[in-house]
Amino acid sequence: MALLEILAGAFALFAMSRVFLRAKERKISIAETAFWVLVWVGMLVILLVPEASSFIAKPLGIGRGLDLAFSAGLVVLFYLLFRLYVKVDAMERDITSLVRQEALRGMKK
Amino acid sequence: MPDWKRCCIVIPAYNEESSVAAVVKGLRTAGFSRVLVVDDGSRDRTAESAERAGAAVLRHSLNRGLGGALATGIQAALRTNAEYIITCDADGQHAVEDVERVAGALASGEADAVIGSRLLRPGGMPLIRRAGNMGLNVITFALFGIWVTDSQSGLRGFTRSAAEKLRIESNRMEVSSEIIHEIRRNRLRFKEVPIRAIYTDYSLAHGQSHLNAANILLKLMLKKLLR
């Protein structure tokens with residue numbers, strides 16, 4: 001096993017432990033927990049059985065399992081970025097509306 | 001001297017302590033007795049300075065940007081019995097006569113929304129600014145379908161009923177284009193009046209950076225996409 005694989009595997013396990021920790025604290029929902037566990041378990045599977053990824057990649061028309069991992073990773077990243085943007089935007093609006101209410105309360109008629 | 005008692009001037013200000021007092025005083029001397037400064041979380045003494053000059057001051061406890069401050073000011077003005085609401089920059093780039101011109105256009109009933117355009121009568125505006133402005137005008141037109149010669153102007157006027165219809169959600173500089181969009185969406189009677197841009201070193205240092213256009217474009221496109 002290459003060093004990279006060991007490191008990546010260790011990281012996946014570490015990331016999964018964080019997921020469980022957050023789930024235990026109820027900071028993330030069951031759906032989110034399931035999603036992240038799936039992501040990291042998927043990574044472990046691909047690390048341990050590289051052929052498994054080709055098995056999924058081939059029918060999709062992607063040559064190698066690694067390519068599939070890259071393209072899927074990109075898609076997921078963009079999706080997360082988008083979600084983050086929407087969330088931050090909503091939060092900015094909420095903050096503005098709070099600050100505004102506070103400012104207007106101080107208004108002399 | 002005309003009486004502009006029913007006219008409320010809204011001035012969003014962020015760290016403008018050195019210029020805001022002169023702006024407020026100039027307006028008050030010209031007969032605009034109701035000047036409302038929204039101190040957008042300044043770290044200097046903008047609020048004190050404006051208050052001493054005779055303005056009513058509202059304070060944002062955190063800096064929310066031009067859009068946030070404008071919307072607060074307009075809402076506050078609507079809580080009074082103001083018939084006309086005019087927004088104006090705090091950096092001193094707008095001449096009092098031009099504010100009067102905007103107020104006059106509203107009072108004469110020609111329009112519900114008036115924008116003071118620095119480009120109907122060019123000159124005074126540095127070339128690179130004119131180019132950046134032109135770019136944003138084109139973008140505003142492409143996205144919102146309304147052509148204005150100065151979409152980024154800070155001098156605007158609304159009748160009360162027009163101001164009530166405005167829905168301002170942008171927090172930052174993209175608010176200028178958003179207001180144009182709102183004028184279009186509400187089918188407000190719209191007029192541009194030529195104004196002079198007074199560019200001092202100070203107001204140039206405080207304005208938008210040239211690169212900001214790209215940032216505004218991104219925000220506007222996302223807004224269009226998300227809604």
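**Close-up views of a two-chain model**

**View 1. Chain A meets chain B.** Twelve residues of chain A are in contact with 15 residues of chain B. Sorted by class, the side of chain A that touches chain B has five nonpolar, two polar and five charged residues. Please keep in mind, here and in the views below, that this is a predicted model.

**View 2. A:Phe14 in helix α1 of chain A.** Look for A:Phe14 in helix α1, which covers residues 3–24 of chain A. Is A:Phe14 buried or exposed? A:Phe14 is exposed because 11 other C-beta atoms lie within 10 Å, and a residue counts as exposed if that number is 12 or fewer. A:Trp40 is 26 residues apart from A:Phe14 along the chain, and their C-alpha atoms are separated by 9.5 Å.

**View 3. A β-α-β unit in chain B.** Here β2(B), helix α2 (residues 46–52) of chain B and β3(B) make a right-handed β-α-β unit. The two strands, β2 (residues 34–40) and β3 (residues 56–60) of chain B, pair in the parallel sense over five bridges.

**View 4. Helix α3 of chain B.** Helix α3 of chain B spans residues 66–79, 14 residues in total. From its first C-alpha to its last, α3(B) reaches 20 Å, close to the 20 Å expected at 1.5 Å a residue. How many of the 14 residues of α3(B) are buried? Twelve are, so this helix is mostly covered. Among the buried residues are B:Leu66, B:Leu70, B:Ile74 and B:Ala77.

How values were computed. Residues are numbered from 1 along each chain as its sequence is written. Chains are lettered from A and ligands numbered from 1 in the order in which they are written. This is a predicted model: local features need pLDDT of at least 70, side-chain atom pairs count only at pLDDT 80 or more; totals for chains, interfaces and linings use all residues. Helices (H or I, at least four residues) and strands (E, at least two) are DSSP runs, numbered from the N terminus. The expected span of a helix is 1.5 Å times one less than its number of residues. A residue is buried if 20 or more other C-beta atoms lie within 10 Å of its own, exposed if 12 or fewer, and partly exposed in between; C-beta atoms are placed from the backbone. Two strands pair if DSSP finds at least two bridges between them. A crossover is right-handed if, with the strands pointing away from the viewer, the path from the first strand over the helix to the second runs clockwise. Two residues are in contact if their C-beta atoms, placed from the backbone, lie within 7 Å. Ala, Val, Leu, Ile, Met, Phe, Trp, Tyr, Cys and Pro count as nonpolar, Asp, Glu, Lys and Arg as charged, and the others, Gly among them, as polar.
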